[in-house]
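I opened my notebook to go through this model step by step. Here is what I looked up, in the order I looked.

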Amino acid sequence: MRIGQRTAGRVPELPERILEEKRGLAGKRLKQLERSKGMQVFLWITFAVLLLYAVFAFLYTTAIVYASGKATSFLWFWPVTLLIALVAAAGLFLVLTGRLACLRRAAVCLSLVFWLCLVVFFSWEALIFSAGRRAPEADASYVIILGAQVRGEVPTLVLDARINAAAEYLSEHPEAVAVASGGQGNGESISEAEAIKRGLMRRGIAEERILTEERSTSTAENLKFSAEVIAAYETAAAASSGGMAEGAAGLPEKVVLVTNDFHVYRATRLAGKMGYGQVSGLGATEFFAVTIQYYVREFFAIIMESLRGNL
């Protein structure tokens, strides 16, 4: 019984000892990796990237304020991330110079997370960029121009670029009907839809080819309310001709969404999720001071729409 008791007492000790040895070995390897020359270079590169970003964020914030004003949406992102980058760079510098050597492991882990986030961010940005460069369908029945900010009665450069792109498409495809979509927000003397309509008419598009939707305040509402306007238009057209409206019972087929290049990916994905048929995007590709900012904002907008189940 004593022998059995000793054996029973020793059996669980063996795997525990092996586990402890493996942990110790893993810990030593991790320390070696943390203190390796390659990791030192990796941390210095991360430090340099953080500093470069801080400089870029400062210069870009200044450029946006000069070109578009302090009230520009999403402007807060750059000074906030600039501050975060400076704090992270300062902490990393103290670790690299040995003043906060106790936080070296945390610095390594956070640096790895930082680079992983960059990979994810630029992968999504590549999708957004490529979507904005695709050619739209050539035989669309409807062209929905998504609204953007109007200052007083004057379209911003972003909205004016959408109007230009839509007018060019409508001129080349005279059978297509335009839907100017966008409500009236703060600081806007007229609705975004009205501003789009006026812009199209100035560019030679006949008024009878332009429908307006003036209730929406978001991309999702642009699409929802524009579909209702199209359905009402088709119902009225069918009633006047004594026929039946093809799209009155559902969402429209063969639609081109006109927006800026950075917005095409999210807009077309939303439309597809809502049940639109053959939907394609036409992205205005003019570059403005705020273009980079809007590309960055789209990344976070896509995350939010995905969490809401809209994408």
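**Entry 1: a serine in a strand.** I began with Ser181, which sits in strand β4 (residues 177-181). Helices here are DSSP runs of H or I with at least four residues, strands are runs of E with at least two, and both are numbered from the N terminus. This is a predicted model, in which local features need pLDDT of at least 70 and side-chain atom pairs count only at pLDDT 80 or more, while totals for chains, interfaces and linings use all residues. Residues are numbered from 1 along each chain as its sequence is written, and side-chain values use heavy atoms, with hydrogens and water left out.

Is Ser181 buried or exposed? I found Ser181 buried, at a relative accessible area of 0%. Buried means under 20% relative accessible area, exposed means over 50%, and partly exposed lies in between (1.4 Å probe, protein chains only).

Next I looked for partners. The Ser181 side chain makes a polar contact with the side chain of Glu213, at 2.5 Å. A polar contact is a pair of N or O atoms within 3.5 Å; within protein, one must be able to donate a hydrogen and the other to accept it, and residues adjacent in sequence count only if both atoms are side-chain atoms. I then set aside neighbours within four places in sequence, and Ser181 still had contacts, among them Ile144, Leu146, Ala193, Asn222 and Ser226. Contact means heavy atoms within 4.5 Å.

**Entry 2: salt bridges.** How many salt bridges does the structure hold? I noted 9. A salt bridge is a side-chain nitrogen of Lys or Arg within 4 Å of a carboxyl oxygen of Asp or Glu.

I checked Lys254 and Asp139, whose side chains meet in a salt bridge (3.4 Å, N to O). Lys254 lies in the loop between α8 (219-241) and β6 (255-260), and Asp139 in the loop between α5 (104-131) and β1 (142-146), so this pair ties together parts 115 residues apart in sequence. Lys254 is partly exposed at 30%. Asp139 is partly exposed too, at 43%.

Then I turned to Arg198 and Glu153, a salt bridge with its closest N and O atoms 3.1 Å apart. Arg198 is in helix α7 (residues 192-202) and Glu153 is in the loop between β2 (150-151) and β3 (154-155), 45 residues apart. I read 32% relative accessibility for Arg198, which is partly exposed. Glu153 is partly exposed at 47%.

Lys197 and Glu207 also form a salt bridge, with the closest N and O atoms 3.1 Å apart. Lys197 belongs to helix α7, and Glu207 to the loop between α7 and β5 (210-213). Lys197 is buried at 16%, whereas Glu207 is partly exposed at 41%. I also wrote down a network: salt bridges with shared partners join Glu153, Glu194 and Arg198.

**Entry 3: a strand pair.** I moved on to β6 and β7, which run parallel and are joined by 6 bridges. Strands pair if DSSP finds at least two bridges between them. Val258 stands opposite Leu282 in β7. Strand β7 (residues 279-284) is mostly covered, with 5 of its 6 residues buried.

**Entry 4: the whole chain.** Last, I stepped back. The protein chain has 10 helices and 7 strands. Of its 311 residues, 41% are buried.
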